[in-house]
Amino acid sequence: MILGDKGDCMKKPSLREKLRYAFDNYMGKGTIALIGMLFLITAAVVVISGILSHVVNHDSSAGSYMWTSLMHTIDSGTLAGDDTSRAGYLFLMSVVTICGIFVTSILIGIISSGFEEKLNSLKKGFSRVIESDHTVIIGFNDGIYTIVSELIEANANQKAGRILIIGTQDKEEMDIAIHDHISDFKTTRVICRSGNPVHPAVLEMSSVETARSVIINADDDFTVIKTILSVISYFKEKNAFGNKAYITAMIHDRKNLDAARIAGEGKAEIIYFRDMIARVVANTCRQPGLSSVLTDMFDFGGAEFYYENFPELAGKRFGDVLNMFRYSVVVGICRDDVPMLNPPMDTVLTEKDRIIHFAEDDGVSKPSRELPETDADHKRAEEPYTENREFSMLILGYNDSLTLILRELADYLAAGSRIIIACDSLSDEEKSGLDCPEDLDVSIETDDIYDKDVLEKLVSAGIDNVLLLSDSRVSDEEADSQNLLLLLQLRDIQRRRNIELNITSEMNSTENQRLMKVTKVNDFVIGSSITNLIMTQISENRHLAELFKTLLTAEGSELYMKNVRNYLKPGIPVSYYEVTELVSEHNEIFMGYRRKNNGILEIVTNPDKSQTMTFGPDDCLIVIAED
């Protein structure tokens, strides 16, 4: 580079450039700064014109002329009343009026633009939320409607519930979607804010540090873990790590489970239910109505699980406590913050133990002082009832959970039970990855299962149970559409051949489930819906995480539907107190019943124990048992 060029590069900016730069910086300070500048310009015009008018005309004070100039600046019509005989004064006031017109026009434009900018900011959800004891949901997808609906139910007994949703979508878009899917908000107000939750400014805008709980509603595990790290870091920055708020999140891949728990540092409840949902599907296709029972247990409509301390029960046996609650079902105890689902009936309660019961609300069901009188001896089943565990099943479709479902079925079905897996195509890799239990007679057929003739041929092979899997190889919407087509064809086959099939369908969308009600399917298992229900329950009470884990895993006790003849004689009126007593003799807990009433499957949980029922030989009791 030559010296001349270097000299040009080092040349100092001129005064004009400095003034322009300073003006540009000032103009960028926003609406208030611009209004201030116009005020100063107006004040300068008024003062100068007032002084000049006083110099030219000595008939009044400078202050009086400043007031007259201000009136000309504000109201251009004032000029019409001036004395036209004084040309100099008239000219000066005309200049002041013209300046006023320009200043007023600019001021109106600035104020209008400022209000518009502020309104747009509010519409886009950039304003700070000043709330406390609210629920923060991070992430906006199809699962948001289930979560929000359940939280609205949970807040129904509160005067003013608050739910704050953080999404990357525009606030208006989220508001419209929420109101399109939910019509009754009861006592809850839903607030949406737009932004990236990884940024601390967005978390601060949402007052996360004062929230009651934080739910991370994301579709992929990487986003979940990154959001957990962001929220934990924000808690520490705000010295709020010790607050009562905690994080509830769901992980989809087992290999990411440990990383999510490490990121949560003990302040997060991490849920992994893929294996459990496979277990739910396997149990539901053998026990019609189970999905309805699970939905009833996991949602906030009706009864929920509560932990309550009743010191007056100290010293009593757990088996005796079962019938001391008329309006709720006692399922276990919580000792030293460890839930014990269906403990041994001779377990003695202590003062610190909390009762875990299935009740309409906390504080609603209280224990009676004495056990009710029962007369169950002559109603007890006289001999053990052996249910036929052998059955046949047709599984239509394929997804990654198929091996897990087969393993679960092998634990319950008799050896030799026949299962036909039919799908339109199956790659060599998928075939090799399919681990079929040796105890089951499993056959695989690849054909166009959406062809009516092929489907009818498969059903005609002595099949009583049909399971429709959601195909993981296509989009969720396409998988639901495929199952809808299969369900309509199965319904037609049932009608024409006058046969009864126990049909269970795996679904992805609750909206599509409503469309499929016409197919008269016994059960719809919506994995995402069930997991969202569970996640919402845990966000309200983190102690439920371990309880649900126990309830939905093979270890320990779980839900079963067993024929009434296992416990009592059918055809005899029996109170639910007596049913509870007879079931407890098997070290099991009575939750409700399933029966067919005029061809319609009727499922009842948590009945009033003082009521009576006459069960038929094919009715089933819903129980919590080890096997």
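Me: Helices are DSSP runs of H or I with at least four residues, strands are DSSP runs of E with at least two, and both are numbered from the N terminus. Between which two elements is the loop that holds threonine 553?

Reply: A quick word first: this is a predicted model, in which local features need pLDDT of at least 70, side-chain atom pairs count only at pLDDT 80 or more, and totals for chains, interfaces and linings use all residues. Threonine 553 lies in the loop between α20 (544-551) and β17 (558-563).

Me: Is threonine 553 buried or exposed?

Reply: Buried means under 20% relative accessible area, exposed means over 50%, and partly exposed is in between (1.4 Å probe, protein chains only). Threonine 553 has a relative accessible area of 18%, so the label is buried.

Me: Which residues does threonine 553 touch, leaving out those up to four places away in sequence?

Reply: Contact means heavy atoms within 4.5 Å. The C-alpha atoms of threonine 553 and valine 280 are separated by 9.4 Å, although these residues are 273 residues apart along the chain. The residues that threonine 553 touches are Met276, Arg279 and Glu558.

Me: What share of the 627 residues of the protein chain counts as buried?

Reply: For an overview, the protein chain has 21 helices and 22 strands. Among its contacts between residues at least 6 apart in sequence, 74% join residues at least 24 apart. The buried share of the 627 residues is 49%.

Me: In what order do the strands of the open sheet with β7 and β9 at its edges stand?

Reply: Two strands pair if DSSP finds at least two bridges between them. The edge strands β7 (304-309) and β9 (338-341) each pair on one side only. The pairing in this sheet of 4 strands is antiparallel, and the order is β7-β10-β8-β9.

Me: Which residue in β10 is the bridge partner of glutamate 308?

Reply: β7 and β10 (residues 354-359) pair in the antiparallel sense over 6 bridges. In β10, the partner of glutamate 308 is isoleucine 355.

Me: With the side chain of which residue does the side chain of glutamate 131 make a polar contact?

Reply: A polar contact is a pair of N or O atoms within 3.5 Å; within protein, one must be able to donate a hydrogen and the other to accept it, and residues adjacent in sequence count only if both atoms are side-chain atoms. Glutamate 131 sits in the loop between α5 (87-123) and β1 (135-138). Its side chain makes this contact at 3.4 Å, and the partner is the side chain of arginine 162.

Me: How far does helix α17 reach from its first C-alpha to its last?

Reply: The expected span of a helix is 1.5 Å times one less than its number of residues. Helix α17 (residues 476-497) has 22 residues, and 32 Å is expected. Close to that value, α17 reaches 31 Å.

Me: Which strands do the buried residues of α21 pack against?

Reply: Helix α21 (residues 576-584) is mostly covered, with 8 of its 9 residues buried. Among them are Tyr576, Tyr577 and Leu582. The buried residues pack against β18 (573-575), β19 (589-597), β21 (612-614) and β22 (620-625).

Me: How many disulfides are there?

Reply: A disulfide is a pair of cysteine sulfur atoms within 2.5 Å. Cysteine 334 is buried at 2% relative accessibility, and cysteine 423 is buried at 1%. By the sulfur distance rule, the number of disulfides is 0.

Technical notes. Residues are numbered from 1 along each chain as its sequence is written. Side-chain values use heavy atoms; hydrogens and water are left out.
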